[in-house]
Amino acid sequence: MRLYHHPISSNARRVVMTAHHLGLPLELVLLDLSSAEQRKHLLAINPNEKIPVLVDGEFILWESCAIMQYLADKTPGQTVYPAELQARADVNRWMFWSAQHFAPAISIFYWENFIKGLIGAGRPDPVELQRGLTDLETFAGVLDSHLARRRWVSGPGLTLADLAIAAPLMAAAAGHVPLQPYPNLRAWFERVQELDAWRQTTLEEELLIA
């Protein structure tokens with residue numbers, strides 16, 4: 001299996017973390033998003049022109065959460081994506097919540113406070129940062145309250161929900177995301193950062209960016 005990715009993509013990171021946790025070998029194919037030729041190849045395998053994209057034989061799959069679920073379903077004995085209907089629905093709920101609400105809030109800070117400076121796109125826009133703060137206060141508050149008496153997001157142990165939600169937080173430091181008001185979220189994120197899968201992806205991204 002090949003995964004087309006880039007280290008600054010939190011969507012790609014959640015997939016790579018999943019593969020590491022499951023012990024699945026993935027051939028990681030780095031896409032230079034500034035290259036017109038490579039973007040043309042990306043468009044050929046994903047009409048949305050976004051990463052990550054998984055290629056498994058003749059099967060091509062895009063959308064990071066769908067790829068995570070596919071990798072889990074390919075792994076006998078895995079425990080991060082439960083088979084029981086309601087337990088799986090709860091994991092799905094939090095994965096979709098992350099993609100729809102939490103990750104977009106984090107991405108505003110990452111874009112305004114880090115990526116714009118990296119690519120020479122100007123200074124942070126205070127209006128956008130305020131929009132990000134408003135969304136963050138809503139959705140980080142939801143997660144913080146949910147984690148008040150839990151170690152993991154869904155079920156008693158680690159699931160795909162944790163990996164999906166944690167991945168955008170790779171941008172928290174560089175994006176100056178204000179997480180101080182959310183102690184339960186921060187404690188949970190510290191637990192995620194202790195996972196081998198998180199540490200492996202951090203090292204791989206540092207090597208690729210260096």
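Modeller: Helices, of at least four residues, and strands, of at least two, are DSSP runs numbered from the N terminus. Please keep in mind that the model is predicted.

Biologist: In what pattern do helices and strands follow one another along the sequence of the protein?

Modeller: The protein contains eight helices and four strands.

Biologist: What share of the contacts with a separation of 6 or more joins residues 24 or more positions apart?

Modeller: A contact here means heavy atoms within 4.5 Å. Among contacts with a separation of 6 or more, the share that comes from residues 24 or more positions apart is 66%.

Biologist: Which annotation does the UniProt record give for residues 1–79?

Modeller: In the model, this stretch is 42% helix and 20% strand, and its end C-alpha atoms lie 21 Å apart. The UniProt entry, which is unreviewed, labels residues 1–79 as "domain: GST N-terminal".

Biologist: Is tryptophan 198 buried or exposed?

Modeller: Tryptophan 198 is placed in helix H8, which runs over residues 196–209. Leaving aside residues up to four places away in sequence, tryptophan 198 touches several others, including Arg13, Met17, Phe189 and Val192. Its relative accessible area is 6%, and because the cut-off for burial is under 20%, tryptophan 198 counts as buried.

Biologist: How far apart in space are tryptophan 198 and glutamate 49, C-alpha to C-alpha?

Modeller: In sequence, tryptophan 198 and glutamate 49 are separated by 149 residues. In space, the C-alpha to C-alpha distance between tryptophan 198 and glutamate 49 is 26 Å.

Biologist: Which residues form a nonpolar patch on the surface together with Trp111?

Modeller: Tryptophan 111 belongs to helix H4, residues 85–119. With a relative accessible area of 39%, tryptophan 111 is partly exposed, and because patches are made of residues with over 30% relative accessible area, this value meets that cut-off. The patch has about 400 Å² of accessible area together, and the residues that form it with Trp111 are Phe114, Leu118 and Ile119.

Definitions and conventions
Residues are numbered from 1 along each chain as its sequence is written. This is a predicted model: local features need pLDDT of at least 70, side-chain atom pairs count only at pLDDT 80 or more; totals for chains, interfaces and linings use all residues. Side-chain values use heavy atoms; hydrogens and water are left out. Patches are made of residues with over 30% relative accessible area and no salt bridge: like charges are joined within 9 Å, nonpolar side chains (Val, Leu, Ile, Met, Phe, Trp, Tyr) within 5 Å. Accessible areas come from the Shrake-Rupley method with a 1.4 Å probe; for residues, only the protein chains shown count as cover. A salt bridge is a side-chain nitrogen of Lys or Arg within 4 Å of a carboxyl oxygen of Asp or Glu. Buried means under 20% relative accessible area, exposed over 50%, partly exposed in between (1.4 Å probe, protein chains only). UniProt positions are given in the numbering used here, feature names are shortened, and annotations may be inferred rather than shown by experiment.
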